[in-house]
Amino acid sequence: MEQVELANKNDIVMDIVNVTLRFGGVKALSHVSFNIKRGEIRAIIGPNGAGKSSMLNVINGFYTPQEGEIWFEGKRRPRLKPHQIAYQRIARTFQNIALFEGMTVLDNMMTGRMIYMKSGLLSQLAWWGKAEREETENRLVVEKIIDFLEIQAIRKTPVGVLPYGLQKRVELGRALAAEPLLLLLDEPMAGMNNEEKEDMCRFILDVNEELGTTIALIEHDMGVVMDLADRVVVIDHGEKIADGQPDEVRNDQNVIDAYLGVSH
Amino acid sequence: MTTEVSFTIPELLDRNAQEYGDQIANREKEYGIWQSWTWKEVQNQVEEIALGYLALGIKEGEHIAVLGRNRPKLYWSMIAAQRIGAVPVPIYQDAVGDEIGYVLGHCEAALAVAGDQEQVDKILEQQEKCKSLKQIIYLDPRGLRNYDHSNLHSFMSFHDSLDENRKKYGNELQARQEKISPEKICVILYTSGTTGNPKGVVLSHANIVSASRDSSRFDSLSQKETVLAYLPMAWVGDFIFSIGQAYWNGFCVNCPESSQTMMHDLREIGPSYFFAPPRVFESLLTTSMIRIEDAGKIKRSMFQYFMNHARKVGVPIMTGEKVSSIESIIYRIGEILVYGPLRNVLGLSRVRVGYTAGEAIGPEIFDFYRSIGINLKQLYGQTEASVFITSQPDGEVEADTVGIPGPGVELRIDDQGEIFYRSPGTFIEYYKNPEATNSTKDKDGWVATGDAGFIDESNGHLKIIDRAKDVGKMANGKLFAPKYVENKLKFFPDVLETVVFGNNREYCTAMVNIDLVSVGNWAERNNVVYSSYQELAGHPEVYKIIQNYVGQVNEDLAGDEQLSGCIVKRFLVLHKELDADDGELTRTRKVRRRVIEDKYSDLVTALYDGNNEVHTTSEVTYEDGRKGSISATLRIMDA
């Protein structure tokens with residue numbers, strides 16, 4: 001049981017063992033295994049339709065694979081109910097932004113703290129005692145993130161009117177507000193201009209270095225991946241075809257073939 | 001001369017801690033909440049930093065560079081420097097590496113205090129040029145975790161070793177404090193000037209304190225004032241308002257959360273005493289005009305009606321002149337519906353005394369603020385004078401004068417029309433530059449300002465014509481006063497900056513910078529598509545708009561006997577914003593005319609050779625000091 005030992009080790013946040021995911025007859029993932037170490041930036045890359053987003057959904061528990069095991073924080077994870085998914089402290093951002101457009105930046109980020117608020121409906125309505133205390137504590141956490149992401153100026157702005165790049169940053173902020181053990185970023189740079197990309201890269205690195213957050217990200221922009229990631233796993237046709245340091249992966253013949261195509 | 005002062009800034013701090021111990025001295029918005037420090041707490045903080053300096057081995061007379069945005073701790077780090085007999089040298093935080101390197105090297109700083117990682121990076125990059133610089137202290141630890149900390153210290157380390165430092169260096173601090181006297185150097189401020197390398201203006205405690213005292217009396221400032229510190233700390237204006245006058249009166253200085261939140265914070269604080277260069281008033285005006293453009297029809301017409309009314313009677317009402325009772329009633333209705341809310345949005349509701357200085361403000365902009373009931377006044381000053389030369393007393397405010405000499409200031413105008421002054425605030429010297437000192441200040445203490453002006457015989461007010469160097473003659477002998485024309489053009493919110501040429505030439509021409517916020521808003525409303533600043537600037541519709549503005553200005557000029565020579569015949573819209581990083585503006589955002597004329601000589605030629613198009617390539621400097629270039633084909637249009 002070598003895998004069990006490995007998963008128990010404290011420096012592995014998540015261990016994915018031999019995972020296969022099927023949608024009816026379609027095999028989205030087949031026998032994929034890799035792990036995510038504490039404090040690293042782990043990139044998952046691959047051509048379109050390779051199964052990256054499925055992988056992310058498996059990681060956060062939204063999909064349950066038909067085969068294989070997921071070890072999270074040293075424990076084997078059973079099938080989760082939706083509310084349990086929210087409480088396991090894996091936060092994510094989405095490929096297409098999923099914020100509450102009519103709400104302010106601050107309110108959006110406060111929703112990330114939802115899992116930490118325990119006061120009942122009545123005391124929340126009266127905003128008295130525990131509810132008030134709780135909100136103050138949680139607001140401080142959110143304010144620190146606002147400061148960290150340099151979005152003080154838009155604190156009270158409704159999200160819908162913000163430019164795309166800023167919305168992405170707010171979404172990152174909301175995910176951080178949950179103080180995640182593992183942060184999943186689904187194409188954080190998609191649709192951004194160069195300047196926005198540079199900003200986002202800096203924030204991802206800062207989150208990783210300053211807050212020590214473990215990050216798994218899917219990204220298309222190879223330049224970005226090579227700069228950011230500590231380790232890269234490459235998926236193609238639902239199978240893992242390479243895994244390692246960015247440099248190793250870049251020179252891997254399988255990866256080059258997968259991206260450029262190969263004549264058979 | 002008025003009476004000598006017997007205070008230094010650190011002594012004023014001690015006095016305030018004793019007299020106003022529990023009153024708020026500083027506020028800073030952090031994590032969305034205004035955090036505050038009383039004078040007593042400030043005194044303790046300053047002691048902590050001063051002891052930290054001693055522990056780092058800073059000697060008397062050594063220089064401590066301060067680099068960062070307005071934050072209480074950085075202000076305290078300057079007072080702490082004075083406390084141990086060292087000299088603070090604030091540097092513009094948005095300066096590019098080379099400029100910072102020059103100042104660090106020239107003042108031979110022994111220690112640099114940096115606000116955050118960005119500033120630390122710039123200093124480390126320039127360390128080559130400043131061999132004397134041994135240590136750096138930083139405030140915001142973000143991103144600095146993995147830096148080599150052998151010569152890099154956090155402010156927190158001062159706090160952590162406070163008890164130990166107090167034991168070891170307490171006596172030394174006491175001894176150093178006793179040696180500070182009013183004639184010792186208080187600060188060195190580097191002014192970029194419109195030409196050449198920056199010069200370090202050396203000001204004594206006596207300079208700063210007497211200028212602060214006299215100006216406070218002039219406007220009866222009190223301990224109750226509230227100000228917002230948002231202008232660069234390296235600018236003499238900020239040093240006087242946020243340190244000099246604040247410490248003299250003991251009033252509260254508030255620091256915004258970040259540079260982008262300034263407008264918001266301004267509104268929350270509601271300063272009673274407000275100071276800004278014309279640029280800030282221009283951009284405040286632009287922002288509110290854009291919002292009016294976006295407002296509904298009713299609001300818009302209401303705004304227009306009452307603003308027209310205010311333009312007519314607002315200023316007379318403010319100065320106490322008689323207006324008809326109907327006009328006065330309409331003004332009062334406007335006060336409820338428009339002026340009051342507008343002042344509130346601008347964050348200027350509580351302003352008792354407002355000043356604009358730094359350069360001439362367009363009369364239209366000036367009157368706009370006064371007409372909605374803001375007591376905005378002008379003053380004329382320089383770093384070399386610890387700001388104050390002349391200022392306008394309440395009730396004697398006009399758009400085209402800069403007021404009467406302040407208390408203790410003597411004024412003289414020579415045959416060429418150049419203004420000279422002598423005052424208790426007059427600087428000691430330019431640091432390590434006796435040549436410049438001698439050519440600016442004579443042995444009797446008279447200082448040449450480099451500005452041309454005259455005194456209005458009727459009321460004794462000084463009028464500034466222009467920079468003495470800039471005022472010239474057209475080829476036909478008529479007066480050429482570029483600044484005057486530029487200010488008229490800049491009144492239009494779409495015009496951000498403009499440079500007018502014409503000295504010794506047949507006619508005047510202009511380069512115009514559009515305001516991206518304002519023109520961008522117009523483009524959005526009119527479905528004009530553009531992908532870059534350059535494309536928008538070159539858009540034919542934009543040219544038409546600018547042409548219209550130039551036409552309006554020309555009409556005004558044609559009616560003015562003296563300035564009819566300054567009519568702008570041809571103009572172009574620049575493809576890039578004039579930028580201090582490229583040396584085209586000073587750090588206080590004054591146009592550096594000669595630099596622009598040199599750099600864009602091809603454009604100037606084209607403005608006069610009758611061509612309708614010109615291709616140009618110009619160098620741009622990025623924030624991190626790297627260079628790049630952009631090229632464009634610009635159209636030249638007849639006005």
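A crossing of two helices is left-handed if the near helix is turned anticlockwise from the far one by less than a right angle. In this predicted model, helix 1 of chain B passes helix 9 of chain B in such a left-handed crossing. Helix 1 spans residues 9-19 of chain B, and helix 9 spans residues 236-249 of chain B.

Helix 1 of chain B contributes B:Ile9, B:Leu12, B:Leu13 and B:Asn16. Helix 9 of chain B meets them with B:Ile243, B:Tyr247 and B:Trp248. By class, six residues of this contact are nonpolar and one is polar. No charged residue takes part in the contact of helix 1 with helix 9 of chain B.

The contact between the chains takes eleven residues from chain A and nine residues from chain B. On the chain A side, two elements give two or more residues each: helix 6 (130-148) and helix 8 (194-210). Helix 6 of chain A supplies the largest share of that side, with four residues. Charged residues number eight on the side of chain A that touches chain B. That side also holds two nonpolar residues and one polar residue.

Chain B is divided into three domains. Domain 1 covers 39-180, domain 2 covers 276-467 and domain 3 covers 472-638. The centres of domain 1 and domain 3 of chain B, taken over C-alpha atoms, are separated by 42 Å. Contact between these two domains takes five residues from domain 1 of chain B and four residues from domain 3 of chain B. On the domain 1 side, three residues are nonpolar, one is polar and one is charged.

A local view is given by B:Thr191. This residue belongs to strand 8 of chain B, residues 185-191. Around B:Thr191, 19 other C-beta atoms lie within 10 Å. A buried residue would need 20 or more, and an exposed one 12 or fewer. B:Thr191 is therefore partly exposed. Leaving out residues up to four places away in sequence, B:Thr191 touches B:Pro198, B:Lys199, B:Val201 and B:Thr383. B:Val201 is ten residues from B:Thr191 in sequence. The C-alpha atoms of B:Thr191 and B:Val201 are 7.2 Å apart in space.

How values were computed. Residues numbered from 1 in each chain as written. Chains lettered and ligands numbered in written order. Predicted model: local features only at pLDDT ≥ 70, side-chain atom pairs only at ≥ 80, totals over all residues. Domains from an automatic or database assignment. Contact = placed C-beta atoms within 7 Å. Nonpolar A, V, L, I, M, F, W, Y, C, P; charged D, E, K, R; others polar. Axes fitted to C-alpha atoms, helices over the stretch in contact; angles between N-to-C directions.
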